[in-house]
Amino acid sequence: MTAAERLHVARIKEMDCVVCGASGPSECHEIKQGSWFTSLPLCPDCHRGSLLGIHGQKRAWHIRRLDELDALNVTL
């Protein structure tokens, strides 16, 4: 990870969750592994949660009708 990527990830982690709006700090989710500039701020439930999370059943994502590109647009 470059210095610029580390700075970008630090900023992402300070943001509120892009899916549910939970107050930061957030976890940094990479849309594509190693592509740090297309990362999303997610709370633990929306990131790793077995029911709600992007790495689980994605229920929070489906309820809000979001996919990763929609979430990236909100992040930017």
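1. The structure holds one salt bridge (a side-chain nitrogen of Lys or Arg within 4 Å of a carboxyl oxygen of Asp or Glu). The partners are Glu27 and Arg48, whose side chains meet at 2.5 Å, N to O. Glu27 lies in strand S1 and Arg48 in helix H2 (residues 44–48), so the pair ties together parts that are 21 residues apart in sequence. Helices (H or I, at least four residues) and strands (E, at least two) are DSSP runs, numbered from the N terminus.

2. A word on the basis. This is a predicted model, in which local features need pLDDT of at least 70 and side-chain atom pairs count only at pLDDT 80 or more, while totals for chains, interfaces and linings use all residues. Residues are numbered from 1 along each chain as its sequence is written, and side-chain values use heavy atoms, with hydrogens and water left out.

3. Glu27 is buried, with a relative accessible area of 19%. Arg48 is exposed, at 52%. The cut-offs are under 20% for buried, over 50% for exposed and partly exposed in between (1.4 Å probe, protein chains only).

4. Strand S1 (residues 27–30) is covered on both faces. Glu27 and His29 are buried on one side, Cys28 and Glu30 on the other. S1 and S2 run antiparallel and are joined by four bridges; pairing requires that DSSP finds at least two bridges between the strands. Cys28 has Pro41 as its bridge partner in S2.

5. Glu68 deserves a look. This residue is found in helix H4 and is partly exposed, with a relative accessible area of 23%. Its side chain makes a polar contact of 2.6 Å with the side chain of His29 (N or O atoms within 3.5 Å, one able to donate a hydrogen and the other to accept it within protein; residues adjacent in sequence count only if both atoms are side-chain atoms). Beyond four places in sequence, Glu68 touches His29, Ile31, Leu40, Ile54 and Trp61 (contact: heavy atoms within 4.5 Å).

6. The largest nonpolar core has twelve residues, among them Val18, Leu40, Ile54, Trp61 and Leu72. Such a core is a set of buried Ala, Val, Leu, Ile, Met, Phe, Trp, Tyr and Cys residues joined through side-chain atoms within 4.5 Å. Strand S2 (39–42), helix H3 (59–63) and helix H4 (68–75) each supply at least two residues of this core. Leu72 touches Ile31, Thr38, Ser39 and Leu40, leaving aside residues up to four places away in sequence.
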